[in-house]
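Hi,

Here is the structure I promised to pass on. My notes on it follow below.

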Amino acid sequence: MSSAVAVDYQALAVTNLRRWKASPPRFVRECLRAEPDPWQDRILEGFNGARRIALKACANPGKTALLAWLVWVFLATRSHTRIKATAITGQNLQDNLWAELSKWQGRSPFLREAFTWSKTSIVANDHPSTWWASAATWNRSASPEELGHTLAGLHEKNSMAVIDEAGGVPNEVLNAAEG
């Protein structure tokens with residue numbers, strides 16, 4: 001007869017947060033239960049010191065998985081984080097990056113307990129109004145000024161702009177991310 005042992009995944013993860021912040025590859029291995037490819041490991045290792053990361057590769061090497069891992073490590077290991085993510089189209093964002101974020105959250109008891117995923121946002125359960133990631137899209141007929149507002153509002157210390165399939169994103173959106 002086996003007895004179930006209740007595990008407080010959030011308490012367990014809190015003891016690891018400093019280690020995970022210092023080592024994004026460790027976060028991916030321990031929290032997300034994934035084994036990065038060597039090229040993904042190199043990006044993860046350089047993440048904390050990078051102001052900007054750009055990836056160019058063929059189809060299906062794991063770019064979207066890596067992008068989701070970077071979002072999760074940033075969201076999970078920094079307090080009151082604000083992330084806005086966009087892509088070439090709203091459908092692309094939803095079908096690819098946002099679905100990938102859901103997939104990886106599903107692999108982590110800590111992330112499932114600490115964050116709530118929806119089709120347009122991920123929020124920290126303890127601080128939903130100040131700790132989040134948001135899917136940001138734009139109207140194809142928007143003016144340059146309106147396009148520039150797509151990624152506006154990221155003024156916190158722990159903020160991040162994520163652009164998937166950046167080659168088709170309007171310059172005004174890219175310029176806002178740079179700001």
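This is a predicted model: local features need pLDDT of at least 70, side-chain atom pairs count only at pLDDT 80 or more; totals for chains, interfaces and linings use all residues.

The largest nonpolar core holds 38 residues, and Phe-27, Trp-69, Trp-72, Leu-111 and Phe-115 have the most contacts inside it. By such a core I mean buried Ala, Val, Leu, Ile, Met, Phe, Trp, Tyr and Cys residues joined through side-chain atoms within 4.5 Å, with buried meaning under 20% relative accessible area (1.4 Å probe, protein chains only).

Numbering starts from 1 along each chain as its sequence is written, and side-chain values use heavy atoms, without hydrogens and water.

Next, the helix pair. The axes of H4 (residues 63–77) and H5 (residues 90–106) come within 9 Å and cross at roughly 65° (lines fitted to C-alpha atoms over the stretch in contact, angles from 0 to 180 degrees between N-to-C directions). Among the residues that meet there are Trp-69 and Trp-72 in H4 and Leu-101 and Trp-104 in H5.

Phe-115 touches, among others, Trp-72, Leu-75, Ile-122 and Trp-131, leaving out residues up to four places away in sequence; contact means heavy atoms within 4.5 Å.

Last, Thr-81 sits in the loop between H4 and S1. Thr-81 counts as buried because its relative accessibility is 0%.

Cheers

How values were computed
Helices (H or I, at least four residues) and strands (E, at least two) are DSSP runs, numbered from the N terminus. Buried means under 20% relative accessible area, exposed over 50%, partly exposed in between (1.4 Å probe, protein chains only).
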